[in-house]
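Dear colleague,

I am handing over a structure that I would like you to look at before we discuss it. It is given just below, and my notes on what was found in it follow.

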Amino acid sequence: IHDDRVVVYSPRSAAGRVKVSVQGYGSESHEFVFGPIVDLHVAVPSSGASTASHLITIIGSNFDETSAGLITVGTMDKVLPHRPIFVSSSVAVVHIPPQPSGQVSFMVSSDGGTTVVDSGVRFHFTHPARVLRLHPSLGYVTGGEHVEVFGENFLNLHESGCKFGLHDIVPAVWKSSTNVMCTSVPRHRGNVTVEVTNNGHDFTADGLRFSYILSTIIDVFPTRGPIDG
């Protein structure tokens, strides 16, 4: 008890609104709302280049317009300026500016901001990937060519992939931080760029080209054979 306030612990209660009054302090009462605990499950994507800003979808439960605004991003010592936007009871979206390599936490309050707890959900800022060389740099229009992509800062994540042209995305087989392998998709003859993603959302923009060529039969040997094969 202080001169200007009384601190009490709320009991367990079902969700809903209740009246709060203090005996000996008059008959006036105030409203208190018991709400469900706001829970965060996952951030999508969960990683991204440190040189870029990222639009992150937060999946959880018991969000509303008030509680979604009480999700903060950063660390217990430093909170980033952008806060999530409420989309639905299970989805909120936040824009995070570029940060140094490392991880930031998603923290949440279920009591109006009085107590903030670490949700355990993380976003990892990583060194940006780069594409430096393709081998081979050409293949047939039928696709199926195993293309070795050499570069920097490739991560062994299930979201990683390669993009042939503007829209054709295929999974990447991670070999090392400097080498992934992707299988070319069927396309018309011509040149396309090949870019790499670590998180399934953000791609490199290095512009290395892969050339699609027509498959041509040059010769047949032998030229004769038995009728039974």
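**Ser105 and its sheet**

Ser105 has Arg122 in S10 as its bridge partner. Please keep in mind throughout that this is a predicted model. Ser105 itself belongs to strand S9, which covers residues 102-108, and this strand runs antiparallel to strand S10 (residues 117-126), to which six bridges join it. Because its relative accessible area is 10%, below the 20% limit, Ser105 counts as buried. Not counting residues up to four places away in sequence, Ser105 touches Thr72, Val73 and Gly74, and also Asp118, Val121 and Arg122. For Val73, the C-alpha to C-alpha distance to Ser105 is 5.7 Å, although the two residues are 32 apart in sequence.

Both S9 and S10 belong to an open sheet of four strands, in the order S4-S10-S9-S6 and with mixed pairing. Its edge strands, each of which pairs on one side only, are S4 and strand S6 (72-74). On average, and with direction ignored, neighbouring strands of this sheet are turned by 30 degrees against each other.

**Ser50**

Ser50 is placed in the loop between strand S4 (47-49) and strand S5 (54-61).

The structure holds one disulfide, which joins Cys162 to Cys182 with an S to S distance of 1.9 Å. As the torsion about the S-S bond of Cys162 and Cys182 is about 65 degrees, the disulfide is right-handed. Cys162 lies in strand S14 (residues 161-164) and Cys182 in strand S17 (residues 179-183), so the pair ties together parts that are 20 residues apart in sequence. Both cysteines count as buried, Cys162 at a relative accessibility of 0% and Cys182 with a relative accessible area of 1%.

Strand S14 is also part of an open sheet of five strands, ordered S12-S19-S18-S14-S15 and, again, with mixed pairing. Here the edge strands are strand S12 (138-140) and strand S15 (168-171), each of them pairing on one side only, and the twist from one strand to the next averages 30 degrees. Within this sheet, S14 and strand S18 (residues 190-197) run antiparallel and are joined by four bridges; Gly161 stands opposite Thr197 in S18.

**The protein as a whole**

The secondary structure comes to one helix and 19 strands. Of the 229 residues of the protein, 31% count as buried, and the protein exposes about 14600 Å², of which carbon and sulfur atoms supply 55%. Among contacts with a separation of 6 or more, 55% are accounted for by residues 24 or more positions apart.

Methods
Residues are numbered from 1 along each chain as its sequence is written. This is a predicted model: local features need pLDDT of at least 70, side-chain atom pairs count only at pLDDT 80 or more; totals for chains, interfaces and linings use all residues. Side-chain values use heavy atoms; hydrogens and water are left out. Helices (H or I, at least four residues) and strands (E, at least two) are DSSP runs, numbered from the N terminus. A disulfide is a pair of cysteine sulfur atoms within 2.5 Å. Buried means under 20% relative accessible area, exposed over 50%, partly exposed in between (1.4 Å probe, protein chains only). Contact means heavy atoms within 4.5 Å. Accessible areas come from the Shrake-Rupley method with a 1.4 Å probe; for residues, only the protein chains shown count as cover. Two strands pair if DSSP finds at least two bridges between them. Axes are lines fitted to C-alpha atoms, for helices over the stretch in contact, and angles run from 0 to 180 degrees between N-to-C directions.
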